[in-house]
Amino acid sequence: MRYEPAPLTRHLRVRHDRGHTVLELRGEIDIAAAAEIVPHLDMATAEPDARIVIDLTHVEFFDLSGLRLLYRARQRLADGPGRLRLVCAHPLTLRMLRITGTSRLLPPWPTLDAALERPEAPSGPA
């Protein structure tokens, strides 16, 4: 089964780019936004060989609900050949990722182009 991109919603835009499914989160990612995003995240990560990029470039607020989304995606792809990358450059969100240890599990890339330009490179910037 192939995951088809979701329509544009208030907090999520899904598209395909260079062999990856890009989940672009937008606005304030809190418990309400996470509830809207989870079904699309689950569909995108349903295949064990999925290549997913979660792009936080357009996120203005990111709380623990957002962290749970990242862990959920990582866990769903953990046992297969799939790949998960994270794009984040916002200082406060990066700080949260560092404090919680998430940046060690899922190293953030500074831009979407950087995350996609070397599809066979390991996660995180070199």
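Is the crossing of α2 and α3 right-handed or left-handed? The crossing is right-handed, meaning that the near helix is turned clockwise from the far one by less than a right angle.

## About the model

This is a predicted model, where local features need pLDDT of at least 70, side-chain atom pairs count only at pLDDT 80 or more, and totals for chains, interfaces and linings use all residues. Residues are numbered from 1 along each chain as its sequence is written, and side-chain values use heavy atoms, without hydrogens and water.

Helices (H or I, at least four residues) and strands (E, at least two) are DSSP runs, numbered from the N terminus.

## Helices α2 and α3

Helix α2 covers residues 64–77 and helix α3 covers residues 91–100. Their axes come within 11 Å and cross at roughly 60°. Axes are lines fitted to C-alpha atoms, for helices over the stretch in contact, and angles run from 0 to 180 degrees between N-to-C directions. The two helices are therefore oblique to each other. Angles under 35 degrees count as roughly parallel, over 145 as roughly antiparallel, 65 to 115 as roughly perpendicular and the rest as oblique.

Leu67, Leu70 and Tyr71 in α2 meet Met96, Leu97 and Thr100 in α3. Contact here means heavy atoms within 4.5 Å. By class, this contact has five nonpolar, one polar and no charged residues. Ala, Val, Leu, Ile, Met, Phe, Trp, Tyr, Cys and Pro count as nonpolar, Asp, Glu, Lys and Arg as charged, and the others, Gly among them, as polar.

## Helices α1 and α2

α1 and α2 pack at an angle of about 15°, with axes 9 Å apart. That makes α1 roughly parallel to α2. Their crossing is right-handed.

From α1, the contact uses Ile31, Ala34, Ile37, Val38, Leu41 and Asp42. From α2 come Ser65, Leu69, Arg72, Ala73 and Arg76. The classes are seven nonpolar, one polar and three charged residues.

## The largest cavity

The whole structure holds one cavity of 30 Å³ or more. On a 1 Å grid over the protein atoms alone, a cavity is a set of points where a 1.4 Å probe fits but cannot get out, and a pocket is an open set with protein on both sides within 12 Å along at least five of seven lines; lining residues have an atom within 4 Å of a point.

The largest cavity has a volume of about 40 Å³, a volume being the space filled by probe spheres set on the points, which are joined across faces, edges and corners. Leu23, Leu25, Ile37, Leu41, Ile54, Leu69 and Leu70 line this cavity. The lining has seven nonpolar, no polar and no charged residues.

## The second largest pocket

The second largest pocket holds about 160 Å³ of space. α3 gives the most to its lining, with five residues. The lining includes Phe61, His90 and Met96.
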